[in-house]
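Please open the model in your viewer and keep the sequence panel beside it.

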Amino acid sequence: TTWNTTSGWLRAHPIESGMQTARMALDFGHEVYVVTCLPNTQAAKERRRALDRQGLQRAVLIPVYGASKLKALKNLRPHFYADDRAIHCREARDAMVPEIVRIYAWGPEQLPDGVCEYPDMATALNDFLKRHARLHIGV
């Protein structure tokens, strides 16, 4: 089945809490990468426009043409990775990403060892930042 690139992404509504969290991370100076499986370059252009409409112009889009994100994750080497699909969380584990979370959006899935599940991106990122915040000392 091929994705209808002329209207498919227009009908797919983003998870608003995820968009808000990504904007917040960018505003705080973090780098945000969107690794997404797409069928072709036209779909990648549409995804870029969709991200821009959501205020994510500074987020880097990494389109993957196929079903696997493993190679992109190995090259990117993020400190934190969140996905709503367990298969991509498994790929992140195989890419040795240190912090991997599944955002519960589509129902239960068998999670790989070491992957935590969260109801939303904001809670997941907040927990990660609390555990890994640098100590700031004012004098």
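Throughout the tour, buried means under 20% relative accessible area, exposed means over 50%, and partly exposed means in between (1.4 Å probe, protein chains only). This is a predicted model, in which local features need pLDDT of at least 70 and side-chain atom pairs count only at pLDDT 80 or more, while totals for chains, interfaces and linings use all residues. Residues are numbered from 1 along each chain as its sequence is written, and side-chain values use heavy atoms, with hydrogens and water left out.

**The sheet**

Begin by selecting β3, β4 and β5, which form an open sheet in that order with parallel pairing; strands (E, at least two residues) and helices (H or I, at least four) are DSSP runs numbered from the N terminus. Two strands pair if DSSP finds at least two bridges between them, and β4 and β5 pair in the parallel sense over three bridges. Because β3 (80-83) and β5 (116-118) each have a single partner strand, they stand at the edges, and one side of each is left without a neighbour in the sheet.

Helix α5 (residues 86-94) lies across β3 and β4, running at about 180° to β4, whereas α6 lies across β3, β4 and β5 and runs at about 160° to β4.

Now select Arg 102, which is found in strand β4 (residues 99-103). Is this residue, Arg 102, buried or exposed? Arg 102 is buried, because its relative accessible area is 0%.

Show its side chain and look for polar contacts, meaning pairs of N or O atoms within 3.5 Å; within protein, one atom must be able to donate a hydrogen and the other to accept it, and residues adjacent in sequence count only if both atoms are side-chain atoms. A polar atom of the Arg 102 side chain lies 3.3 Å from the backbone oxygen of Asp 84, and a polar contact of 3.1 Å joins the side chains of Arg 102 and Glu 109.

Salt bridges that share partners join Arg 85, Arg 102, Glu 109 and Glu 117 into one network.

**The nonpolar core**

Of its 17 residues, Val 32, Leu 56, Ala 59, Phe 80, Val 101 and Ala 124 touch the most other members. The elements that give two or more residues to this core are α2 (16-27), β4 and α6 (121-132), and its largest share, four residues, comes from α2.

Terms used:
A nonpolar core is a set of buried Ala, Val, Leu, Ile, Met, Phe, Trp, Tyr and Cys residues joined through side-chain atoms within 4.5 Å. Contact means heavy atoms within 4.5 Å. Axes are lines fitted to C-alpha atoms, for helices over the stretch in contact, and angles run from 0 to 180 degrees between N-to-C directions. A salt bridge is a side-chain nitrogen of Lys or Arg within 4 Å of a carboxyl oxygen of Asp or Glu.
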